[in-house]
Amino acid sequence: MASLSTTSLSFKAPSIQSTRISQVLRKASSFQSISFGRFHSSKSLRLQISCAAKPETVQKVSDIVKEQLALSADTALTAESKFSALGADSLDTVEIVMALEEKFNISVEESDAQNITTIQEAADLIEDLVQKKPATSEAS
């Protein structure tokens with residue numbers, strides 16, 4: 001079993017290759033949870049990483065997706081809902097990204113936009129971009 005805090009990561013499993021784990025950890029900017037499955041063989045390791053955006057961000061993204069795809073208000077969406085499964089084509093996805101940019105006052109690079117396939121991915125990217133955005137002075 002592994003545990004993660006904001007400053008440390010500890011493992012209680014024998015012979016985990018730290019280089020592989022560190023490569024995975026470098027790709028994620030924040031973690032809500034990390035869990036390791038049991039070893040079923042000497043070389044098998046299951047790694048699950050969750051980089052969850054705030055629930056309100058996920059809800060705002062869901063609302064925009066419903067609006068852009070003209071889905072009924074009672075359509076149940078989850079963070080794992082895939083745009084393609086909801087009937088979105090590539091043009092719909094571009095329109096969703098444009099609506100997200102407008103709503104959150106951000107700019108999404110084309111390379112990042114092409115990697116958004118779920119509500120969770122969109123919400124995570126939004127929070128990452130909002131965090132990186134320079135703070136604006138609101139003094140009058």
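Residues 24 or more positions apart account for 47% of the contacts in the protein chain with a separation of 6 or more. The model is predicted. The protein chain has 140 residues, and 29% of them count as buried. Its secondary structure comes to five helices and four strands. Along the sequence, these elements follow the pattern β-β-α-β-β-α-α-α-α.

**Helix α2 against helix α3**

- Helix α2 covers residues 55-68, and helix α3 covers residues 90-104.
- The axes of α2 and α3 come within 10 Å. They cross at roughly 135°.
- The crossing of α2 past α3 is right-handed.
- On the α2 side, the contact is made by Thr57, Lys60, Val61, Ile64, Val65 and Gln68.
- On the α3 side, Glu95, Ile96, Ala99, Leu100, Lys103 and Phe104 take part.
- By class, this contact of α2 with α3 has seven nonpolar residues, two polar ones and three charged ones.

**Helix α2 against helix α5**

- Helix α2 also packs on α5, at an angle of about 120°. Here the axes are 9 Å apart.
- This angle makes α2 oblique to α5.
- The crossing of α2 and α5 is right-handed.
- From α2, the residues in contact are Thr57, Val58, Val61, Ser62 and Val65.
- From α5, they are Ile119, Gln120, Ala122, Ala123, Ile126 and Glu127.
- The contact of α2 with α5 divides into seven nonpolar residues, three polar and one charged.
- Thr57, Val61 and Val65 of α2 are named in the contact with α3, and they are named in the contact with α5 as well.

- Glu56 has its place in helix α2.
- Its relative accessible area is 45%, so Glu56 is partly exposed.
- Glu56 and Ala123 are 67 residues apart in sequence. In space, their C-alpha atoms are 9.3 Å apart.
- Ala123 is among the α5 residues that meet α2.

- Side chains of opposite charge can pair when their charged atoms come close.
- The count for this model comes to one salt bridge.
- It joins the side chains of Lys132 and Asp128, at 3.3 Å from N to O. That distance meets the rule of within 4 Å, so the pair counts as a salt bridge.
- Both residues lie in helix α5, which covers residues 119-132.
- Lys132 and Asp128 are four residues apart, about one turn of the helix.
- Lys132 is exposed, with a relative accessible area of 62%.

**The loop between α2 and α3**

- Lys82 has its place in the loop between α2 and α3.
- With a relative accessible area of 45%, Lys82 is partly exposed.
- Lys82 touches Thr117 and Thr118, not counting residues up to four places away in sequence.
- The C-alpha atoms of Lys82 and Ile119 are separated by 6.8 Å. Along the chain, these two residues are 37 residues apart.
- Ile119 is also one of the α5 residues that meet α2.
- Ala70 lies in the loop between α2 and α3 too.
- Phi of Ala70 is near 55°, a positive value in a residue other than glycine.
- Ala70 has 70% relative accessibility. That is over 50%, so Ala70 counts as exposed.

**From the α3–α4 loop into helix α4**

- Asn105 is found in the loop between α3 and α4.
- Asn105 has a phi near 55°, a positive value in a residue other than glycine.
- At 56% relative accessibility, Asn105 counts as exposed.
- Glu110 has its place in helix α4, which covers residues 110-113.
- Glu110 is exposed, with a relative accessible area of 61%.
- Glu110 and Val94 are 16 residues apart along the chain. Their C-alpha atoms are separated by 9.5 Å.

Methods
Residues numbered from 1 in each chain as written. Predicted model: local features only at pLDDT ≥ 70, side-chain atom pairs only at ≥ 80, totals over all residues. Heavy atoms only, no water. Helix = DSSP H or I, 4+ residues; strand = E, 2+ residues; numbered from the N terminus. Buried < 20%, exposed > 50% of the residue type's maximum accessible area, 1.4 Å probe, protein only. Axes fitted to C-alpha atoms, helices over the stretch in contact; angles between N-to-C directions. Left-handed = near helix turned anticlockwise from the far one by under 90°. Contact = heavy atoms within 4.5 Å. Nonpolar A, V, L, I, M, F, W, Y, C, P; charged D, E, K, R; others polar. Parallel < 35°, antiparallel > 145°, perpendicular 65-115°, else oblique.
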